[in-house]
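Biologist: I should like to learn how to read strands and helices in a model. May we work through an example together?

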Amino acid sequence: MSDISTFKFTCSCCDEIHRGVPNLGSNAPNYYFSIPDEEIKKRTFLTSDTCVIDDVHFFVRGCLEIPLIGHEEVFSFGAWVSLSKENFEKFESLYDVKERRDNEPMFGWFSSWVWPFYTDTENIKSIIHLRNDGIRPYIELEPTEHPLALLQSEGISSEQVIKMYEYYVHGKK
Ligand SMILES: [Zn+2]
């Protein structure tokens, strides 16, 4: 492998050298985090890939993939999108299906915050593409002028990825 494709950095928080593009993400959709602790059990159902709130809000986890400038790898952020009930049921019925890529893409509203650069990331229109072999779906943001959408089309810098890593792993702002 050439140098340009090997992403590594020294973390400023723990001084460790991290190799490979870090996988970051959120364990639940935004809405989940706004629910008071004492109501969580009653109102929500959460797995590593799906979330239902109050039996009317349906979310799935996908990969917001962003080209990494100067590298062959992509940066992938685990994010959530809301689906219609109908599409959510379809998603669930295809969950264990190995070959599912050819299913029609689904419309979803982006439902995650992405620290730190991008305000108002909730409710960006997105398209969810199912992938084979249990790989989480690909999230395609509507190509607008929104900073996050621009990032997906133009790429993210290594410096930004490292900053995000230090925030999501060590809480450094
Ligand atoms: Zn570290």
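Predicted model: local features only at pLDDT ≥ 70, side-chain atom pairs only at ≥ 80, totals over all residues.

Biologist: How many residues of strand 7 are buried?

Modeller: A residue is counted as buried if 20 or more other C-beta atoms lie within 10 Å of its own. In strand 7 (residues 74-83), eight of the ten residues are buried, so the strand is largely enclosed by the rest of the structure.

Biologist: In which sense, parallel or antiparallel, do strand 6 and strand 7 pair?

Modeller: Strand 6 (residues 57-67) pairs with strand 7 in the antiparallel sense, over ten bridges. Within this pairing, Val-60 has Val-81 of strand 7 as its bridge partner. The two strands form a hairpin with six residues between them, and Gly-70 in the turn has a positive phi of about 85°.

Biologist: Which sense does the pairing of strand 3 with strand 7 take?

Modeller: Strand 3 (residues 24-25) is parallel to strand 7, and two bridges link them. Here Leu-24 stands opposite Phe-77 of strand 7. Strand 8 (residues 106-110), in turn, runs antiparallel to strand 7 and is joined to it by two bridges; Ser-82 has Trp-109 in strand 8 as its bridge partner.

Biologist: What span should helix 5 have?

Modeller: The expected span is 1.5 Å times one less than the number of residues. Helix 5 (residues 158-170) has 13 residues and should therefore span 18 Å; its end C-alpha atoms are 17 Å apart, which agrees.

Biologist: Which residue follows helix 5?

Modeller: Gly-171 follows helix 5, and its phi is positive, near 75°.

Technical notes. Residues numbered from 1 in each chain as written. Buried ≥ 20, exposed ≤ 12 C-beta atoms within 10 Å, placed from the backbone. Helix = DSSP H or I, 4+ residues; strand = E, 2+ residues; numbered from the N terminus. Pairing = 2+ DSSP bridges.
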